[in-house]
Amino acid sequence: MNYKRKSLVSILIILIYTCLSVFSFAGCKPLLPPLKDIEVHTDFSVNFLDVGQGDCIFIRLPDGKNMLIDCGEDDKYNENSKYIKNYLNEYDVNKIDYFVLTHPDVDHIGNAVDIINNFSIGKMFIPKIHQALMQSFQPFEEILRLIEQKQIEFEYPILPTQIVKSDYHFAFLSPQNDSRNSYNNLAQNLVPTSGDINNLSPIIYFSCFNKRFVFTGDAEKKEEQYVVQNYLSKIYDIYYRDFKVNLNDVDYLKLSHHGSEDASCYEFLSLLKPKNAIISVGNDNYYGHPSSETLLRLQNICIEYSLYRTDQLGSICVYKEGQDFKVQSSKDN
């Protein structure tokens, strides 16, 4: 009798598992990625969250403040939003001191309304978009209304925008600060191209504990070359006198536009020669990101480097342990 009961239980378990598998393939609500495999590093960490084909970077700063750069796409079941909020809750985040939205593509700003409604926001950095074009960016327009409603302080990031603290320094290396900047380029086009929109993304230099990070949003070749020209002509030495911007052999580079071939150009990679490269990208995505040309370019220019991809590793955490920096992913275990 006991044997029969055990057999029936086993059969029921198999049937339930099979049904759940079938339902998941039929579009049933997926499970959240595991958080338990990411160790929380509250002193300092840079976290590249696995939000599929999108960007979301959470930075726990050494003074206890928090920065969020982009927030992924609002997917069908709000799984990305839940994952981001769960991740921040693991760090006991109540306030996002600096919230950067690089550009108005939905895979970068899709969960901004939910984030703003669930966390206290100190200051936002957002792209400047002419009102005449706003009808093309309705999700972004909704964010602007919420910013105004909640009276959140905001700034348009443009050279030489910066955040300076005793332990760290953020320098916005682009867009440029003249009439040729990407904000004006966008305003001049009644039907903006994807390149016009992507190039709103600021290229951000971040220095902390003698480690250097570069975040790129979806900035394309044009903006990357602009940064290279400015660096070689020592423009940044004039704008950022107290905290030198050093783009030679950076420690960590977030490759732009999910590793697309229209970014990570030869000049940019040749200058930065990153020791570690991170690509935020969705598994088996429609666009074929990352591009084989970009990966080959990276391999040819950076002889010794480590490559980390969210589609392969899940969320990626760069953290300080003693005097060393280490990298952990949610799929390590």
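How many bridges join β2 to strand β3 (residues 66-69), and do the two run parallel or antiparallel? Four bridges join them, and the two strands run antiparallel. The model described here is predicted, and its protein chain holds twelve helices and 15 strands. Of the 333 residues in the chain, 52% count as buried, and the exposed surface comes to about 16,300 Å², with carbon and sulfur atoms supplying 50% of that area. Among contacts between residues at least 6 apart in sequence, 70% join residues that are at least 24 apart.

**Strands β1, β2 and β3**

- Strand β2 (residues 57-60) is joined to β3 by four bridges, and four bridges also join it to strand β1 (residues 45-48), again in an antiparallel arrangement.
- Individual pairings can be followed in the structure above: N47 stands opposite F58 of β2, while I57 has I69 of β3 as its bridge partner.
- The side chains of β2 are divided between two directions, with I57 and I59 pointing one way and F58 and R60 the other, yet all of these residues are buried.
- A hairpin is formed by β2 and β3, with five residues between the strands, and G64 in the turn has a positive phi of about 90°.

**Helix α2**

- Helix α2 has twelve residues and reaches 16 Å from its first C-alpha to its last, which is close to the 16 Å expected at 1.5 Å a residue.
- The buried residues of α2 include E79, N80 and S81, as well as Y83, I84, K85, Y87 and L88, and the buried residues of this helix pack against β1, β2, β4, α4 and β14.
- An α-helix has 3.6 residues a turn, so residues three or four places apart point the same way.
- After α2 comes D92, a residue whose phi is positive, near 55°.

**Nonpolar cores**

- The largest nonpolar core has 38 residues, and those with the most contacts inside it are I96, F99, L101, I116 and M124.
- Elements that each supply at least two residues of this core include the helices α2 (79-90), α4 (112-118), α5 (138-150) and α6 (182-187), together with the strands β4 (95-100), β5 (120-125) and β14 (316-321).
- Leaving aside neighbours within four places in sequence, L101 is in contact with D70 and C71, with H108, I109 and A112, with M124, F125, I126 and P127, and with I143.
- A second, separate core has 29 residues, among them L159, V228, Y231 and L271.

- S174 lies in the loop between β8 (168-172) and α6, and S174 counts as buried because its relative accessible area is 0%.
- The side chain of S174 reaches the backbone nitrogen of I203 at 3.1 Å; beyond neighbours within four places in sequence, the contacts of S174 are P157, S201, P202, I203, E223, Y226 and V227.
- N285 is found in the loop between β12 (276-279) and α11 (292-301), and N285 has a relative accessibility of 15%, so this residue counts as buried, the cut-off for that class being under 20%.
- The side chain of N285 makes polar approaches to the backbone at two residues: one of its polar atoms lies 3.0 Å from the backbone nitrogen of G288, and the side chain also reaches the backbone oxygen of H289 at 2.7 Å.

Key
Residues numbered from 1 in each chain as written. Predicted model: local features only at pLDDT ≥ 70, side-chain atom pairs only at ≥ 80, totals over all residues. Heavy atoms only, no water. Core = buried A, V, L, I, M, F, W, Y, C linked by side-chain atoms within 4.5 Å. Buried < 20%, exposed > 50% of the residue type's maximum accessible area, 1.4 Å probe, protein only. Contact = heavy atoms within 4.5 Å. Pairing = 2+ DSSP bridges. Expected span 1.5 Å × (residues − 1). Polar contact = N/O pair within 3.5 Å; in protein donor to acceptor, adjacent residues only side chain to side chain. Areas by Shrake-Rupley, 256 points an atom, 1.4 Å probe, with all protein chains shown as cover.
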